Protein chains: 6
Amino acid sequence: MQVVDRYLEQYEVGEVRRTLGRTITEADVVLHAGQTGDFFPHHMDERWCVEEAGLAGRIAHGTLIVSVAVGMTAGDVNPQAMSYGYDRIRFVKPVFLGDTITVEAEIVEVTDHPRRSELGRVDERVTVTNQHGDTVLSLVHLYVVNKLVNKRGEHV
Amino acid sequence: MQVVDRYLEQYEVGEVRRTLGRTITEADVVLHAGQTGDFFPHHMDERWCVEEAGLAGRIAHGTLIVSVAVGMTAGDVNPQAMSYGYDRIRFVKPVFLGDTITVEAEIVEVTDHPRRSELGRVDERVTVTNQHGDTVLSLVHLYVVNKLVNKRGEHV
Amino acid sequence: MQVVDRYLEQYEVGEVRRTLGRTITEADVVLHAGQTGDFFPHHMDERWCVEEAGLAGRIAHGTLIVSVAVGMTAGDVNPQAMSYGYDRIRFVKPVFLGDTITVEAEIVEVTDHPRRSELGRVDERVTVTNQHGDTVLSLVHLYVVNKLVNKRGEHV
Amino acid sequence: MQVVDRYLEQYEVGEVRRTLGRTITEADVVLHAGQTGDFFPHHMDERWCVEEAGLAGRIAHGTLIVSVAVGMTAGDVNPQAMSYGYDRIRFVKPVFLGDTITVEAEIVEVTDHPRRSELGRVDERVTVTNQHGDTVLSLVHLYVVNKLVNKRGEHV
Amino acid sequence: MQVVDRYLEQYEVGEVRRTLGRTITEADVVLHAGQTGDFFPHHMDERWCVEEAGLAGRIAHGTLIVSVAVGMTAGDVNPQAMSYGYDRIRFVKPVFLGDTITVEAEIVEVTDHPRRSELGRVDERVTVTNQHGDTVLSLVHLYVVNKLVNKRGEHV
Amino acid sequence: MQVVDRYLEQYEVGEVRRTLGRTITEADVVLHAGQTGDFFPHHMDERWCVEEAGLAGRIAHGTLIVSVAVGMTAGDVNPQAMSYGYDRIRFVKPVFLGDTITVEAEIVEVTDHPRRSELGRVDERVTVTNQHGDTVLSLVHLYVVNKLVNKRGEHV
């Protein structure tokens, strides 16, 4: 992890990052239940999942996969960008304990800020895939980013 | 936690739930960094936050607050509803270590499913407030819910 | 979780609550060893359990099952009641990693406090069952509870 | 930690063990809430404790103190003894985050098993004290222990 | 755990301690990744380990095995000794999730301190073995220890 | 985190990497005690540290600082290099709860492997500094690295 300044003009639509994989473990799910207080049987009760819900086994919390996937895309620290939210988070398929996910992040939009000329917005689509190649989660990560022109004194 | 069947017709726009409070601790942030792999200095480096970033101290991960807030609204298990995503997650203000959050969840929309007549959709706006009464996070939690009429055999 | 005032007169012998299930995982046992410092081979050494102790595998700490079972019965916050202890905790059968437990809590006694007329005592028997229907743990949870008559000004 | 065989005849009433101290931290309480699912505001909501409950701050879960105290007394592994329960667990005073506890364990009773002549019972009173010298918790830990005479062939 | 004073003259070359076993679990590895921020695929990605790296499965972090092994040898608290480092830490074989390790610690050198006559040095070789009897890790643990003669007033 | 092939010829003595900072928290120490089973009062008993040991407060485990420091230097995954051990780990000063550490890693030696001509060794000195600029830990991290010449077919 390092600090790298990157300004709006340096983001390009279509740019793609891909992460290595991560196996979602029983321990991850236990820790996430403990962190969130969500002990729903979908995540915590193997018997219920198999015998009553007709699932192949326990499934990970949606917020666990969101958290891990966003964390996996956290690369360099960019002091010029600030994450301000997510749009269109969709749980496409369940993630079972033992599944291995990988994440792809693609810049899908770079625009001016609607009201502040020294800023812009970058939208990055985050797509999470399991070991079978199925998409399990998608979301759009939203950033506000300083423009490079700032440093040249035109706006600041 | 208990299992309570609740059908689309039993949700009403304007219905509000409010949780008790929860203090976001240093331990929560350490555990969330460990779960996500996001060790950005905003969350992990007290010296950097205060001396370089001009913050009052370390701040919680956005995904931690999303995860805890959604977890705090997890009440009864409803076999007739399925969470399928979130919309418009916005980080309004930072949550500092030691802040105490409460969550309000309000049903803001109940509609038919666009293509499947036996289903409907419920949108619940989740608003997270700190101990000063400031909103720190908002999002819309999306559910697909079975219609009651199912059980009477008209659609199924 | 919500705050619900409940006074002594509102508890009745024979009242029963039943929880959903929870699978006791390897992660739970590892975390409990870490919390308590109890790294006895019964919980931490798979080889020893199977080859030397003649067990089917590692077993959960007794205090883990007590803690989880009591936690699973924590429902509404009742400001009129205070937990002051447990009686007759008995480990009836071992809980193995991967077992799924459910808990039943039954009010078995409601009495006046021996010395303070504005208070009473509620005893709740907590019984923990595994996925085979075997009782693995039982205990009696002890509460001191305010009488309703307080509010009417007769005692307070 | 080592394996030491100790038979019933080798336990004596009045024998006392004393542990070193352990500070009960915020992290312990967060982890215990996560393990048990008990997120009551007494343990998790600093604002509520101080402003509404009139407490000096958050307090540890009763089951946390039981678990840690029993764990602190876990010394040698004795294959001749089996812990089968606890009696008279009483929460005498609250333990606040940051308090430091020590534990004293005293053998208070050594008796024959009521029905099996090759076994006996050992009762050990466990007393937990905070840094002010106040007792915060007491319980009696119950063991079934093999008699030494077994090895000499009289009973076995 | 107890406090036992032990002086340099009371350590002898050849003295050996052996621990009980401990199974290295998936939860241990997940927690260690979370503590260190090392999410390398060797530890976290089951698919990569098996399909790309030709391993039998995920392997534990080297620093996890060092930490656990040293922790397993932490017996009595000796106020006369201070651990000041380790030499020649070597990862001889990988430790896989589910392996059970035991540790042997042998005093291999007791010498005077090169510059301070009231102190000496004790070197303890720590050897970690898996359930197949293979050495997986070795290191030398270094202590500075007070001499007994101190107490008799000759040096102090 | 990404996969980057780097061969022996591409390492140079004097090359330096510096990490961002990380605050060592009470939660880190609690989790490390839980992972290792080392509950020595130096790490766990605030009262003992201050009143009996004359310390400013609890101090982090040596193995915690080793683990975190090595983890902080884990950057790209290099399939051509394998970490095989550490030399000369020295605990120079204690790390207190709340201290913020940074790590510097410098290549101090690049040599041929003594017996295998297709391999070499890289030694990296890891130096850990606290927020006052004091060195608290140093060690040498040892790698075996493939030579580039391998790929050209001269050795392989």
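**Close-up views of a predicted model**

**View 1. E:Q2 lies in the segment before β1 (16-18) of chain E.** Strands are DSSP runs (E, at least two residues) and helices likewise (H or I, at least four), numbered from the N terminus. This is a predicted model, in which local features need pLDDT of at least 70, side-chain atom pairs count only at pLDDT 80 or more, and totals for chains, interfaces and linings use all residues. Side-chain values use heavy atoms, without hydrogens and water; residues are numbered from 1 along each chain as its sequence is written, and chains are lettered from A and ligands numbered from 1 in the order in which they are written. E:Q2 is partly exposed, at 47% relative accessible area. Buried means under 20%, exposed over 50%, and partly exposed in between (1.4 Å probe, protein chains only). Beyond its neighbours within four places in sequence, E:Q2 is in contact with E:D76 and E:V77. Contact means heavy atoms within 4.5 Å. E:Q2 and E:M82 are 80 residues apart in sequence and 16 Å apart in space, C-alpha to C-alpha.

**View 2. Helix α4 (residues 62-72) of chain D is largely enclosed by the rest of the structure, because ten of its eleven residues are buried.** The buried residues include D:T63, D:L64, D:I65 and D:V66. D:S67, D:V68, D:A69, D:V70, D:G71 and D:M72 are also among them.

**View 3. Eleven residues of chain A are in contact with eleven residues of chain C.** The two chains bury about 830 Å² between them, 65% of it on carbon and sulfur atoms. Buried area is the accessible area (1.4 Å probe) that two parts lose on being put together, summed over both. In chain A, A:V30, A:M44 and A:D45 lose the most area to chain C, together 42% of what that side buries. On the side of chain A that touches chain C, α1 (26-36), α2 (41-44) and α3 (46-52) each supply at least two residues. The largest share of that side, four residues, comes from α1(A).

**View 4. Chain A superposes on chain C by a rotation of 120° with 0.0 Å of shift along its axis (RMSD 0.0 Å).** The two copies are thus related as by a three-fold rotation axis. The superposition is by least squares on the C-alpha atoms of residues with pLDDT of at least 70 in both copies. Of the residues of chain A, A:A27 comes closest to the rotation axis, at 3.0 Å (C-alpha).
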